[in-house]
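Let us walk through this structure together, one region at a time.

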Amino acid sequence: MQVYHSEATKLRRARTELHDGQLMTPFECPERVDLVLAQLRDSGVGPVAAPREHGLAPVLAVHDAAYVEFLSTCWDEWQAAGHGGEAIPTIWPTRTMREDRIPGHVGGKLGYYALGGDTSISPGTFEAAMASKDVALSAYEHTASSGQPSFGLCRPPGHHAASDQFGGYCFFNNAAIVAQRALDDGHARVAILDVDFHHGNGTQQIFYGRDDVLTQSIHGDPDQCFPYYLGHADEKGEGPGLGYNVNYPLPPGTDYPTWRERLELALAEISDKQASLLVVSLGVDTFEGDPISSFRLKSDDFLDMGRRLASLGLPTVILMEGGYAVEEIGVNVAKVLQGFQGA
């Protein structure tokens with residue numbers, strides 16, 4: 001399997017995350033990339049290549065232009081305003097406030113464009129997000145030209161990024177960018193299957209009213225975990241998209257046999273909707289040892305997961321999302337890819 005990776009994805013090295021009432025070093029760190037790369041090389045999954053640059057046009061095909069401009073200037077604006085730490089929002093246009101005006105001050109813009117206070121903007125954030133979508137698009141181009149599967153070692157991840165909001169460590173929605181590119185290339189319908197522990201709220205929001213992208217997510221029940229306000233089973237799409245958004249929320253402590261039942265339902269739905277390309281948002285934070293999830297998948301379960309994903313027989317692009325059990329993250333990613341290749 002062809003793997004794509006860019007050292008530029010490690011330019012974002014945030015120092016600050018608000019978690020459990022404490023400011024701490026983020027779980028999403030550059031070392032994740034090194035651990036995955038090392039295991040992929042040790043396991044012989046496939047060659048690793050650098051991506052080519054794709055510019056901003058594919059980003060602007062799914063993201064709001066003002067939002068993209070904000071991300072590109074936020075860190076400089078934050079420093080110019082005299083702030084010493086990293087850029088973290090402290091106020092949002094909540095239910096009792098106006099949502100139709102974007103403040104001029106960077107502190108107000110942060111709240112307008114942020115999903116929550118978990119994710120800081122730090123030096124290198126925009127550059128890393130640009131490299132991450134280049135990794136995703138290069139992986140897609142390989143699959144499009146060869147018909148062979150590919151893996152994009154994306155960092156930052158993308159599935160929480162909505163059309164004009166960042167959060168959950170995500171800035172550009174890599175899976176959505178790839179899906180839109182595939183549609184522009186002539187695919188009639190693309191399936192995005194999100195297997196990260198956390199719901200892919202951004203992917204759902206971007207395609208919620210459309211029937212050319214089938215979005216499915218198997219995740220922790222939002223009644224109990226991030227992102228809380230999206231990801232319920234009754235969210236099925238709207239307008240032309242009705243029936244093209246499917247959520248499978250599961251309770252804390254879910255084991256692989258239970259999780260696998262939802263995967264089989266999702267795979268059947270992809271076949272039924274006649275998608276011609278599969279994009280997998282691969283989070284391995286469903287692992288039993290992950291520090292910010294509550295599922296109970298074991299390392300060998302990821303091997304079976306990969307085999308089942310391959311059973312569709314579709315051209316497939318697999319993109320990295322979450323996974324924070326640092327010592328096991330590389331093993332679990334490699335097992336998914338090995339399983340997909342029939343190992």
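Contact here means heavy atoms within 4.5 Å, and helices (H or I, at least four residues) and strands (E, at least two) are DSSP runs, numbered from the N terminus. This is a predicted model, in which local features need pLDDT of at least 70 and side-chain atom pairs count only at pLDDT 80 or more, while totals for chains, interfaces and linings use all residues. Residues are numbered from 1 along each chain as its sequence is written, and side-chain values use heavy atoms, with hydrogens and water left out.

Start with two helices, α3 and α4. From α3, the residues A66, Y67, F70, C74, E77 and W78 meet V106, K109, L110 and Y113 of α4. The axes of α3 and α4 (residues 106-113) come within 10 Å and cross at roughly 140°; such axes are lines fitted to C-alpha atoms, for helices over the stretch in contact, and angles run from 0 to 180 degrees between N-to-C directions. The two helices are therefore oblique to each other, since angles under 35 degrees count as roughly parallel, over 145 as roughly antiparallel, 65 to 115 as roughly perpendicular and the rest as oblique.

Is α4 itself enclosed or open? Six of its eight residues are buried, so α4 is largely enclosed by the rest of the structure. Buried means under 20% relative accessible area, exposed over 50%, and partly exposed in between (1.4 Å probe, protein chains only). The buried residues of α4 are V106, K109, L110, G111, Y112 and Y113, and what covers them includes α3.

Now look at the aromatic rings. Rings of Phe, Tyr and Trp (its six-membered ring) pair if their centres lie within 6.5 Å; planes under 30 degrees apart count as stacked, over 60 as edge-to-face and the rest as tilted. A search of the whole structure finds ten aromatic pairs. One of them is the stacked pair of F70 and F166, 6.3 Å centre to centre with 20° between the planes. F70 belongs to α3 (residues 65-80) and F166 to the loop between β5 (150-152) and α6 (174-184), so this pair links distant parts of the chain, 96 residues apart. Both F70 and F166 are buried.Ring pairs also link Y67, F70, Y112, Y113, F166 and F171 into a cluster.
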